[in-house]
Amino acid sequence: MTMAHKVDILILGSGIAGMSTAFWCQNLAPSSKITLIDTAHSHEDHSSHRNAGIYRQSEANSRLVKWANQTPKLWATVLHEKFLHKAQDTPQIFDHCGVLYQAEHLNALAPLAQNLNTLGVEYQFFDNAKPQTKSREHALWVPSDGTLQSSLLNRTLFRSLESMIHQGDIETVEGADEGWRVTLQSRGRTKIMKARRLVIASGSLASSHAAKFGHKLEVQPRKRHLFHLKFNCTIASLFSKYEIRHTRDGPARSTAQERPPVVWRVDHNAEAYLRPLNQHEALACVCDSQDTHPTDLTTSLSWQHDAYPIFAQRLFPPPPHRVLRSWAGLRSFVEKGPLFSCDENHPNLFWAVALGGHGMSIGFAAGRELAEQIVSS
Ligand SMILES: Cc1cc2nc3c(=O)[nH]c(=O)nc-3n(C[C@H](O)[C@H](O)[C@H](O)COP(=O)(O)OP(=O)(O)OC[C@H]3O[C@@H](n4cnc5c(N)ncnc54)[C@H](O)[C@@H]3O)c2cc1C
């Protein structure tokens, strides 16, 4: 007979949603036994490692704004308290246009915006509100809130939780008011886990988990592609016209920044951004969003035929030297936005799903809020 492993908190899924929830549960209730189960063999397989890491403070929903404001502060504190021993070890968790620079950033970007204007490109700072110019043609936005080093943060979190993460494929989930019984296949063996509290954090697959115990949850997975490009010239030279100079009321910024800001291009039909990674490389995205199957990570967009024509129109004329890699990831949505809460019918069931396009911006704070609910339940 298969022995059941008993835990206090069982989390299905180890993307940013599952890991943040586990991290904060462990912090708030250190004696709790917590296990995360994931079908993926490596953390690089899930969306939390496949994204562009753009950090956005501005969202329509006030709960998202709150989480987006808390997330970078929590990261900064946690990196210091938990993972770093000396202040000088602090990795820069934001690229140069991140929140740490936000106050000066708007000023520093003013000349850039003027240059763009002379090129006939409309611009708007992508600041604390939804962009207003969406209906106009050829607007170019420069987000003032930054790009998060999401893969660094994701890896840091993964390493700190590695001993709690187990690979397995869930077969059945049976509920009882006293707890949950989950059967899974792990390395060819059947395992049974019994948990007092269950957290569903399985991203695009949350619908199928919900169905296992008769719950209907419409999670819509949408596929998005990223292209890792290498240029012969420096990325900065692509934007050399947009040199950022000293501004009257801002701090001195007399030279062109080494790494230009993330740049968005928007018109009626297309939206795109370029996120510099280093002097010669950048991630490019045309903000595609295709409804898809919850496990479909095949690349179905081509740089040459689909993406480059959009970029070439205005953003940067020279074609990249090489496309080093391209990949797709899933962003999952439910109608009312991210679902981080206790289930209405089961007091021991919690949802951490549907982070949509915002997972890296809000996931760490949302996980903490959920952990508070879990440990006090
Ligand atoms: C191309 C792209 C660009 C993006 N850019 C940004 C950005 O710039 N800024 C931003 O904030 N967000 C961005 N996002 C969104 C962000 O990546 C997601 O919101 C976030 O990663 C979702 O995290 P998650 O934990 O909910 O899901 P995931 O990271 O997908 O984690 C879910 C986990 O559940 C596991 N799982 C699935 N089925 C099972 C099962 N049966 N049993 C156990 N485990 C299971 C999966 O293997 C996976 O590890 C982007 C996404 C993509 C694809």
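**The ligand shell and its surrounding elements**

The residues that form the shell around the ligand comprise 15 nonpolar, 18 polar and six charged members, where Ala, Val, Leu, Ile, Met, Phe, Trp, Tyr, Cys and Pro count as nonpolar, Asp, Glu, Lys and Arg as charged, and the others, Gly among them, as polar. The structure is a predicted model, in which local features need pLDDT of at least 70 and side-chain atom pairs count only at pLDDT 80 or more, whereas totals for chains, interfaces and linings use all residues. Residues are numbered from 1 along each chain as its sequence is written.

In total, 39 residues surround the ligand, and the closest are G13, G15, H46, G329 and G359; a residue is near a molecule or strand if its C-beta atom, placed from the backbone, lies within 6 Å of it. Two or more residues of this shell are given by each of α1 (16-28), β2 (34-38), β6 (169-176), β9 (220-230), β14 (322-333) and α8, the helices (H or I, at least four residues) and strands (E, at least two) being DSSP runs numbered from the N terminus. Because domain 1 (1-95 + 146-219 + 334-377) and domain 2 (99-145 + 220-333) both give residues to the shell, the ligand lies between them; the domain bounds come from an automatic or database domain assignment.

Strand β9 has several antiparallel partners, where two strands pair if DSSP finds at least two bridges between them. With β14, strand β9 pairs in the antiparallel sense over eleven bridges, and F227 has S326 of β14 as its bridge partner. Four bridges, likewise antiparallel, link β9 to β12, with K230 standing opposite E281 in β12, while two bridges join β9 to β13 in an antiparallel arrangement, where the bridge partner of K223 is Q290. Strand β12 is also joined to β11 by four antiparallel bridges, with L274 paired to A284 in β12, and the hairpin between β11 and β12 passes through four residues. Strand β11 (residues 271-276) is mostly covered, five of its six residues being buried, where a residue is buried if 20 or more other C-beta atoms lie within 10 Å of its own, exposed if 12 or fewer, and partly exposed in between, with C-beta atoms placed from the backbone.

Most residues other than glycine have a negative phi. C287 lies in the loop between β12 (281-285) and β13 (290-291) and is partly exposed, with 16 other C-beta atoms within 10 Å. By contrast, A354, which lies in the loop between β16 (349-353) and α8 (359-375), is buried, with 27 other C-beta atoms within 10 Å.

Helix α8 also contains A365, which counts as buried with 24 C-beta neighbours inside 10 Å. The C-alpha atom of A365 is separated by 9.3 Å from that of W24, although the two residues are 341 apart along the chain.

Helix α4 (residues 150-161) has twelve residues and reaches 16 Å from its first C-alpha to its last, close to the 16 Å expected at 1.5 Å a residue, a span defined as 1.5 Å times one less than the number of residues. Its buried residues are S150, L153, N154, T156, L157 and L161. These residues lie on the same side of α4 because they cover an arc of only 160° around the axis, the arc being that of the directions from the helix axis to the C-beta atoms.
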